[in-house]
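Biologist: I am new to this structure. Could you show me how to read a few of its features?

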Amino acid sequence: MATLADSFLADLDELSDNEAEIPEDNNVDTADMEEDIDGDLADLENLNYDDLDSVSKLQKTQRYIDIMQKVEEALQKGSDVSIQGVGLEDDPEYQLIVECNALSVDIENEIVIIHNFIRDKYRLKFPELESLVHHPIDYARVVKKIGNEMDLTLVDLEGLLPSAIIMVVSVTASTTTGKPLPEEVLGKTVDACDRALELDSAKKKVLDFVESRMGYIAPNVSAIVGSAVAAKLMGTAGGLTALAKMPACNVQLLGAKKKNLAGFSTATSQFRVGYIEQTEIFQTTPPPLRMRACRLLAAKSTLAARVDSIRGDPSGNTGRLFKDEILKKIEKWQEPPPAKQPKPLPVPDSEPKKKRGGRRLRKMKERYAITDMRKLANRMQFGIPEESSLGDGLGEGYGMLGQAGSGKLRVSAGQSKLAAKVAKKFKEKHYGSSGATSGLTSSLAFTPVQGIELTNPQAHAHQLGSGTQSTYFSETGTFSKIKIL
């Protein structure tokens, strides 16, 4: 019989055998991983950040060239009706729009890469500029305009930046610690600015093409926000399907820019809104209601995009119904509140009636309850005249009193339960005088039941006392003897 130690040793031997089989596969995987890592490191080492072509490669790809050529041909040809009877996924026009949406996202990423390249190079000349101008295209335009000029008063930035930002840039440039760039570095920076501006113009062409085809691709979204805004939303989201899958809170922020207040207060700054602020509905809405209108537009646009993604309504009637609903809601928000109705004054000296229940209330109701005689006096029999105190209907009327056939005006009133209880209580009480013997003692007692009653004051003295007096200290009481068998 094997012991516990032998079983443990056998398990260890099995584990060692399994481990001897595994390393062969692991060696292959680790070798592949090492090759991938070495390849990535080699690519990073070969990547020269001083060369713009090694950083930005999108414009030289065949995909970019083919798509831009098709877009330019389509823009010159104009909008035409797509092939009837062909599904949306099989339509070449729609395939080109999907490719344009993907390309617009790639162009955005490429612009960010070039912006980082420009910022790294121009940081030696004007390090504070990147914190003042956040948008990549605006930054590229300003850098190209300034160049190596140290005195910004000689540079006209009108039309490139708002006047408040221009003032801040000029004041900051006068106190900057930057130095002029070498000619070679400045040339690379200007070339990068030109490439960023070319990519921006290419993106605008792509958006113009998508906008011209939005009436066919996304009719419901175009009916709500317009073709231009719908094209921008689709381009930023990456296509109609991606826009349909996006929640409304994210659609609201598509295209939002980070605003630079240049040191001013944020109390009056506008909320963050993307391309939706360019819609006609948003612009015609009063400023206090624009945030609510923006949320409503984003929600309805998301629903319309989901309808368009499955080709639920190619005619666009759903989008128009959504737009009418949005306009009605905004009009409803602007209606004045209903006028306050005049509230009548309360009755003078009217206090709220106390409502309570229980034994005390029942007693009070029984005490002040209306009697049978009063009930008969308050009633009148149909067709029979009532008797009155002065006759001929004069004086106080007796109602149905005396008309029951007895010929009497008096009704026998039964004793109430309360009166019976009170009478019983008083009858049980002894109204005799105390047992003291004095000249003022009397054997007469006044009771509410029998009036004057003759009692014996010494009658109670012969009765047994109460409590312990009747047992232990009684004169007549004896001890009881219990026989134990």
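Predicted model: local features only at pLDDT ≥ 70, side-chain atom pairs only at ≥ 80, totals over all residues.

Biologist: Which residues touch the most other members of the largest nonpolar core?

Modeller: L129 and V169 do, in a core of 81 residues. Helix α5, residues 92-122, gives the largest share of this core, with 11 residues. Now follow V169. Leaving aside neighbours within four places in sequence, V169 contacts F126, L129, L132, L152, L157 and L161.

Biologist: Is T172 buried or exposed?

Modeller: Buried means under 20% relative accessible area. T172 has 18%, so T172 is buried. T172 belongs to helix α8, residues 163-174.

Biologist: What does T172 contact, beyond neighbours within four places in sequence?

Modeller: F126, E128 and L132. T172 and L129 are 43 residues apart along the chain, yet their C-alpha atoms are separated by 8.4 Å.

Biologist: How many cavities of 30 Å³ or more does the structure hold?

Modeller: One. The largest cavity has a volume of about 50 Å³. Its lining is S104, E108, K203, L207, K232, G235, T236 and Y275. Elements giving two or more residues to that lining are α5, α9 (183-212) and α12 (227-237). Of these, α12 gives the most, with three residues.

Biologist: How many aromatic pairs are there?

Modeller: Rings pair if their centres lie within 6.5 Å. By this rule the count is zero.

Biologist: What sits over the ring of W333?

Modeller: The charged end of R292, 4.1 Å from the ring centre.

Conventions: Residues numbered from 1 in each chain as written. Heavy atoms only, no water. Phe/Tyr/Trp six-rings, centres within 6.5 Å; stacked < 30°, edge-to-face > 60°. Lys NZ or Arg CZ within 6 Å of the ring centre and 35° of its normal. Core = buried A, V, L, I, M, F, W, Y, C linked by side-chain atoms within 4.5 Å. Buried < 20%, exposed > 50% of the residue type's maximum accessible area, 1.4 Å probe, protein only. Helix = DSSP H or I, 4+ residues; strand = E, 2+ residues; numbered from the N terminus. Contact = heavy atoms within 4.5 Å. 1 Å grid on protein atoms, 1.4 Å probe; cavity = no way out; pocket = protein on both sides within 12 Å on 5 of 7 lines; lining within 4 Å. Points joined across faces, edges and corners; volume = space filled by probe spheres on them.
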